[in-house]
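Let's take a friendly walk through this structure together. Have the viewer open as you read on.

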Amino acid sequence: MNIIVILSIVPDTETKIQLNNKNVEMDQSTEWIINPYDEYAIEAAIQFKEKHGGEITSISFANGKEEKPIRKAMAMGVDKSIIIETSSPLSSISTEYMNAISTQLKSSNADIIFTGKLVTDTNNNFIGPSVAQILNLPIITEISSIHFSDNILTVTRNNAGQVEKYTSSLPILLTTDKSLNTPRYPKLPDIMKAKKKTITRVSYDINENSPQITIIKSEFPQEKDSGEIFEGTSEELVTILIDVLTNKEKIL
Amino acid sequence: MTIAIYLESNNNQITKSSLEIITAAQLIAKENNSDIFAIIIDDDISNIITEVGLYGVPIIKCSKNITSYQSSLYAKIISNAVKDSDIIIFPSSVHGNELAPMIAMSQNATSIPDVIDIIDQNTFKRSVYGNKIHQLVKSSGKIVLTIRSGIFDLPNKNEIKPEIIEIQSEIISENNFPNLAEVLNSISNRPELNEADIIVSGGRGTGSPENFATLIEPLADKLGAAIGASRAVVDAGWRPHDEQVGQTGKFVSPKLYIAVGISGAIQHLAGMSSAEIIVAINTDKDAPIFKIADYGLVGDLNEIIPKLLNSL
């Protein structure tokens with residue numbers, strides 16, 4: 001099986017964000033990690049390989065900080081990595097980001113492609129379906145279980161309190177949700193082995209004619225006015241709460 | 001200008017997040033004198049048409065007799081319907097988030113996911129970096145949007161009889177594409193987190209999965225609320241993943257959010273700080289949740305919740 005994972009590299013979700021001239025700025029201390037939802041994709045790829053054999057290739061973009069997280073993915077179990085280099089950094093929300101991934105995938109003969117359901121920094125859940133559409137591949141997003149036997153893939157996902165069960169053949173692109181699995185921690189021997197795995201760097205020419213989004217302003221969300229804090233006996237507190245929700249907010 | 005809105009239905013009723021995008025479309029249309037039409041794909045649409053007409057949507061393009069969701073088939077039907085549209089809006093639901101990017105790519109349009117405010121017909125506000133930053137983004141040309149649920153109110157009633165245009169559904173779906181084999185029974189009768197007006201959310205302070213079940217669940221049911229949970233209790237296995245509110249869970253904007261025994265880690269606040277009214281119940285007076293709460297009750301949830309249940 002030819003298994004592909006699309007990995008975005010993002011600032012650690014605990015990073016304190018700074019603004020400089022209305023631009024989001026990352027300083028040297030920022031830790032760059034594999035997009036958290038993509039870790040479920042890596043784990044799904046590893047489990048798929050363990051059951052059905054094959055090789056796992058990751059596709060990511062260079063941003064100058066990608067080596068460490070990519071090596072981590074390789075320590076988890078990715079066999080080889082392709083890193084796409086562009087003349088200027090591509091935002092994961094841009095159409096060209098999807099086009100560049102698709103260009104790589106076209107020559108990969110993938111049987112199954114995994115990526116996270118959302119990229120946390122740009123808050124973008126469009127990558128999977130966009131790439132699938134460009135390549136005319138079947139897509140199922142936000143999967144919470146996966147089973148493959150007799151050439152039939154069965155996956156489920158949660159949708160508004162219901163569970164949808166899909167069947168499909170390969171090739172397919174799947175986006176992974178948190179409930180799918182628990183990503184493994186790399187063991188020391190695997191971390192050592194990962195250092196010797198192959199990273200291939202390829203370049204991609206950005207097509208300036210693709211649809212573009214311009215960021216015209218970045219700002220911190222308006223702070224909420226501080227509210228009222230009540231102390232007292234539980235009877236008093238309950239009386240106050242019911243009073244404000246009923247009479248002031250008129251929500252009960 | 002023409003605005004297309006994809007309205008999702010469930011049991012022949014338009015979902016709340018879909019009704020909210022009618023409001024969003026009408027907001028853009030008012031500024032530009034644009035035309036709006038709705039796209040509906042379902043097997044029985046008579047109820048839905050009446051409901052959509054109630055909110056003054058003048059044109060409905062519909063595809064009947066399609067019994068189950070299939071992304072590639074739906075994407076083809078919608079693509080055909082929106083060829084001449086300038087803005088195409090989807091609810092930020094599981095299906096909406098799957099279809100919107102497919103339509104964007106098929107139409108060579110800019111895709112703008114998870115919009116939280118509309119400035120004008122090509123300028124939109126988004127939240128990024130786990131809600132820590134708000135960005136205004138602009139694009140020219142054709143645009144496909146999803147809109148976060150709970151941001152816009154329900155549309156005003158303005159009953160009209162919409163013009164119905166049937167759209168071709170003869171497109172044969174590919175055999176090798178995913179088929180929705182079955183929809184398994186609803187996990188619960190409670191509203192979905194993204195659709196709920198009220199959310200009761202519990203954290204580590206509830207003490208145990210059993211306490212969570214005996215305190216948070218009845219309170220949610222009494223209020224007709226959805227249940228939310230902090231990352232700590234989800235990671236501990238007390239609650240299912242799809243209840244997690246926060247940066248690696250769901251972003252919610254209900255009218256009322258009741259945080260019970262949640263200290264308010266930044267990653268949780270990111271997911272719920274846009275709720276209209278926030279009530280926090282916590283023993284620790286210095287808990288960060290109180291900084292964003294409209295009403296903070298400093299006290300023991302084990303005493304407060306049972307009394308609250310008795311008084312409601």
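In which sense do strand 1 and strand 6 of chain B pair, and over how many bridges? Strand 1 (residues 2–6) of chain B and strand 6 (residues 87–91) of chain B run in the parallel sense, joined over three bridges. Strands here are DSSP runs of type E with at least two residues, helices are runs of H or I with at least four, and both are numbered from the N terminus; two strands pair if DSSP finds at least two bridges between them. Within this pair, B:Ile5 stands opposite B:Ile89 of strand 6.

Before going further, some background. The model is predicted, so local features need pLDDT of at least 70 and side-chain atom pairs count only at pLDDT 80 or more, while totals for chains, interfaces and linings use all residues. Residues are numbered from 1 along each chain as its sequence is written, and chains are lettered from A and ligands numbered from 1 in the order in which they are written.

Both strands belong to an open sheet of ten strands with mixed pairing, in the order 14(A)-9(B)-8(B)-7(B)-10(B)-6(B)-1(B)-4(B)-5(B)-11(B). At its edges stand strand 14 (214–219) of chain A and strand 11 (163–166) of chain B; each has a single partner strand, so one side of each lacks a neighbour in the sheet. On average, neighbouring strands of this sheet are turned by 35° against each other, direction ignored (axes are lines fitted to C-alpha atoms, for helices over the stretch in contact, with angles from 0 to 180 degrees between N-to-C directions).

Now look at chain B as a whole, with its nine helices and 17 strands. Its C-alpha trace spans about 60 × 40 × 40 Å along the principal axes. B:Ser72, found in helix 3 (residues 71–81) of chain B, is buried because 21 other C-beta atoms lie within 10 Å. B:Ser72 and B:Leu99 are 27 residues apart in sequence, yet 8.4 Å apart in space, C-alpha to C-alpha.

Finally, chain B is divided into domain 1 (2–166) and domain 2 (198–311), with bounds from an automatic or database domain assignment. Taken over C-alpha atoms, the centres of these two domains are separated by 31 Å.

Technical notes:
A residue is buried if 20 or more other C-beta atoms lie within 10 Å of its own, exposed if 12 or fewer, and partly exposed in between; C-beta atoms are placed from the backbone.
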